[in-house]
Amino acid sequence: MAVPKQKRSHSRTHHKRAKIYKAFSVAVTTCPNCGAPKQPHRVCLNCGYYGKKQVFEVAK
């Protein structure tokens, strides 16, 4: 079984953990129909369109 030869320092451990538990940013684009911000490849929750097709009606 592999055994480390030396102890990993606190600085090195925390540096590695910071990359694992880092908060990631969400990509945002604009809807081509209404111009509202939305995530790419998802239905616009403001107007109900996906691309140029209406997927569902939004109650107003």
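1. Which residues make the nonpolar surface patch of about 420 Å²? They are Leu45, Tyr50, Val55 and Phe56. Patch residues have over 30% relative accessible area and no salt bridge; like charges are joined within 9 Å, nonpolar side chains (Val, Leu, Ile, Met, Phe, Trp, Tyr) within 5 Å. A salt bridge is a side-chain nitrogen of Lys or Arg within 4 Å of a carboxyl oxygen of Asp or Glu. Areas follow the Shrake-Rupley method with a 1.4 Å probe, and for residues only the protein chains shown count as cover.

2. A word on the source. This is a predicted model: local features need pLDDT of at least 70, side-chain atom pairs count only at pLDDT 80 or more, and totals for chains, interfaces and linings use all residues. Residues are numbered from 1 along each chain as its sequence is written, and side-chain values use heavy atoms, leaving out hydrogens and water.

3. Confidence next. The mean pLDDT of the chain is 92, and 100% of the residues score at least 70. This score is the predictor's confidence in each residue, from 0 to 100. Strand β2 (residues 37-38) is highest at 96, while β4 is lowest at a mean of 92.

4. The fold elements. There are one helix and four strands, in the order α-β-β-β-β from the N terminus. Helices (H or I, at least four residues) and strands (E, at least two) are DSSP runs, numbered from the N terminus.

5. Overall shape. The chain is more spread out than a compact globule, because its radius of gyration is 22 Å, well over the 10 Å that the globule rule gives for 60 residues. The radius is taken over C-alpha atoms; the rule is 2.2 Å times the number of residues to the power 0.38. The C-alpha atoms fill a box of roughly 65 × 25 × 20 Å along the principal axes.

6. Burial. Of the 60 residues, 10% count as buried. Buried means under 20% relative accessible area, exposed over 50%, partly exposed in between (1.4 Å probe, protein chains only). The chain exposes about 6000 Å², with 56% supplied by carbon and sulfur atoms.

7. Two exposed residues. His41 lies in the loop between β2 and β3 (49-50). His41 has a positive phi of about 65 degrees, although not a glycine. At 70% relative accessibility, His41 counts as exposed. Lys60 sits in the segment after β4 (53-54), and Lys60 is exposed too, at 94%.
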